[in-house]
Amino acid sequence: GAQIVSIVPDTGEFAANLIESNALPFKILVDVDLGFVLSLGLAVFTGDEVKDLYKNKMGIDLARRHGNEAWLLPIPATLVVGTNGKIIAAHIDPDFRRRMTIEAIRSALRTS
């Protein structure tokens with residue numbers, strides 16, 4: 001009975017492209033102006049060096065992708081939410097390569 005949902009900081013245009021280009025089998029929600037992650041304290045300012053790297057060396061314009069000039073990035077997080085709407089497990093790590101394991105997610109779901 002569980003569902004997977006991804007929340008991205010991108011505008012609807014970029015979110016739609018993400019879904020299409022990856023054939024994602026789950027819902028993608030758009031966090032306009034990073035309101036959700038800011039409410040959780042999970043956003044960081046990129047700073048001028050990272051902004052220059054993204055925009056001028058990698059061709060990634062966060063202002064265009066996110067629809068604002070804030071140049072904020074969300075900290076990657078996995079939240080397992082119980083049927084009561086409360087977070088029952090969380091994994092938060094600035095290194096996007098380290099994610100909550102499937103077993104940890106399953107365990108949290110079994111105990112809820």
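Q: Where is the place of Phe-36?

A: Phe-36 is in helix 2. The model is a predicted one, so each value here is computed from predicted coordinates.

Q: Is Phe-36 buried, partly exposed or exposed?

A: Burial is read from relative accessible area, with under 20% counted as buried and over 50% as exposed. Phe-36 has 35% relative accessibility, so Phe-36 falls in the partly exposed class.

Q: Which residues form a nonpolar patch on the surface?

A: Phe-36 is one of them; the others are Val-5, Ile-7, Leu-29 and Leu-40. Together they have about 400 Å² of accessible area. At least two residues of the patch come from strand 1 (5-8), and at least two from helix 2 (35-40).

Q: How many helices and strands are there, and in what pattern do they follow along the sequence?

A: The protein has 5 helices and 6 strands. Their order along the sequence is β-α-β-α-β-α-α-β-β-β-α. The C-alpha trace spans about 45 × 30 × 25 Å along its principal axes.

Q: Which residues make up the largest nonpolar core?

A: A core of this kind is a set of buried nonpolar residues joined through side-chain atoms within 4.5 Å. Here the largest has 6 residues: Leu-34, Val-37, Leu-42, Ala-43, Leu-72 and Ile-75. For the protein as a whole, 26% of the 112 residues count as buried.

Q: Which residues is Leu-72 in contact with, leaving aside its neighbours within four places in sequence?

A: Leu-72 touches Leu-34, which is also in the core.

Q: Where is Leu-62, and is Leu-62 buried or exposed?

A: Leu-62 is in helix 4. Its relative accessibility is 5%, so Leu-62 counts as buried. With neighbours within four places in sequence left aside, Leu-62 is in contact with Thr-46, Tyr-54, Gly-67, Asn-68, Trp-71, Leu-72 and Leu-73. Take Leu-73 from that list: Leu-62 and Leu-73 are 11 residues apart in sequence, and their C-alpha atoms are 8.7 Å apart in space.

Q: What share of contacts in the protein join residues at least 24 apart?

A: Among contacts between residues at least 6 apart in sequence, the share is 40%.

Q: How many salt bridges does the structure hold, and which residue forms one with Glu-13?

A: Side chains of opposite charge can pair when their charged atoms come close. The structure holds 7 salt bridges. Glu-13 forms one with Arg-64, with the closest N and O atoms 3.6 Å apart. Glu-13 lies in helix 1 (residues 12-22) and Arg-64 in helix 4 (residues 62-66), so this pair ties together parts 51 residues apart in sequence. Glu-13 is exposed at a relative accessible area of 53%, and Arg-64 is exposed at 53% relative accessibility.

Q: Which residues are linked in a network of salt bridges?

A: The network links Asp-93, Asp-95, Arg-97 and Arg-98. Within it, Asp-95 pairs with Arg-97, the closest N and O atoms being 2.9 Å apart. Asp-95 also meets Arg-98 in a salt bridge, at 3.5 Å from N to O. Asp-95 is buried, with a relative accessible area of 16%. Arg-97 is exposed at 63%, while Arg-98 is partly exposed at 47%.

Q: In which sense do strand 5 and strand 6 pair?

A: Strand 5 (residues 77-81) and strand 6 (residues 87-92) pair in the antiparallel sense over 5 bridges. As one example, Thr-78 has His-91 in strand 6 as its bridge partner. The two strands form a hairpin with 5 residues between them. In the turn, Gly-85 has a positive phi of about 85°.

Q: What is the phi of Ala-23, and what is the phi of Asp-33?

A: Phi of Ala-23 is near 45°, a positive value in a residue other than glycine. Ala-23 lies in the loop between helix 1 and strand 2 (27-30), and at 62% relative accessibility counts as exposed. Phi of Asp-33 is near 55°, again positive in a residue other than glycine. Asp-33 is in the loop between strand 2 and helix 2, and is partly exposed with a relative accessible area of 43%.

Q: What does the accessible surface of the protein come to?

A: The accessible surface comes to about 7,800 Å², and 56% of that belongs to carbon and sulfur atoms.

Conventions
Residues numbered from 1 in each chain as written. Predicted model: local features only at pLDDT ≥ 70, side-chain atom pairs only at ≥ 80, totals over all residues. Heavy atoms only, no water. Buried < 20%, exposed > 50% of the residue type's maximum accessible area, 1.4 Å probe, protein only. Contact = heavy atoms within 4.5 Å. Patch = residues over 30% accessible without salt bridge, like charges linked within 9 Å, V, L, I, M, F, W, Y side chains within 5 Å. Areas by Shrake-Rupley, 256 points an atom, 1.4 Å probe, with all protein chains shown as cover. Salt bridge = Lys/Arg side-chain N within 4 Å of Asp/Glu carboxyl O. Helix = DSSP H or I, 4+ residues; strand = E, 2+ residues; numbered from the N terminus. Pairing = 2+ DSSP bridges.
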